[in-house]
Amino acid sequence: MKSLFKRRTEPFVYHRYYLLVQKRWAEKMQRATAGLSKTKLILGLLFFTVLASGYLIYNLYRTFYKEAGAGAASKIKTINLKN
């Protein structure tokens, strides 16, 4: 059976602007976290993870389990094309 996907012979090359932005972001984050200990970095990561997870759970709860309120009447006038 013929393979569905061809194996790349040469590695994928990213665009130079993408690599430049990636490098600048890494340098900025390195400067921002240079004075922090490993414990503070781990606590910051845990705080960010809990905060982001809580926001996701809140949005899921609000979307699926809250009663749908009555929407406001639309003020958009429809166009009757049959006239």
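Reader: Is tyrosine 65 buried or exposed?

Author: Buried means under 20% relative accessible area, exposed over 50% and partly exposed in between, with a 1.4 Å probe and protein chains only. Tyrosine 65 has a relative accessible area of 65%, so it is exposed. This is a predicted model: local features need pLDDT of at least 70, side-chain atom pairs count only at pLDDT 80 or more, and totals for chains, interfaces and linings use all residues. Residues are numbered from 1 along each chain as its sequence is written, and side-chain values use heavy atoms, with hydrogens and water left out.

Reader: Where does tyrosine 65 lie?

Author: Helices (H or I, at least four residues) and strands (E, at least two) are DSSP runs, numbered from the N terminus. Tyrosine 65 belongs to the segment after helix 2 (38-64). The protein has two helices and zero strands.

Reader: How many residues of helix 2 are buried?

Author: The count is zero among its 27 residues, and helix 2 is hardly covered. For the protein, buried residues make up 0% of the 83 residues.

Reader: What should helix 2 span?

Author: The expected span is 1.5 Å times one less than the number of residues. For the 27 residues of helix 2 that gives 39 Å, and its end C-alpha atoms are 39 Å apart, which agrees.

Reader: How many aromatic pairs are there?

Author: Rings of Phe, Tyr and Trp (its six-membered ring) pair if their centres lie within 6.5 Å; planes under 30 degrees apart count as stacked, over 60 as edge-to-face and the rest as tilted. By this rule there are two aromatic pairs. Phenylalanine 12 and tyrosine 14 form an edge-to-face pair, 5.1 Å centre to centre with 85 degrees between the planes. Ring pairs join Phe12, Tyr14 and Tyr18 into a cluster.
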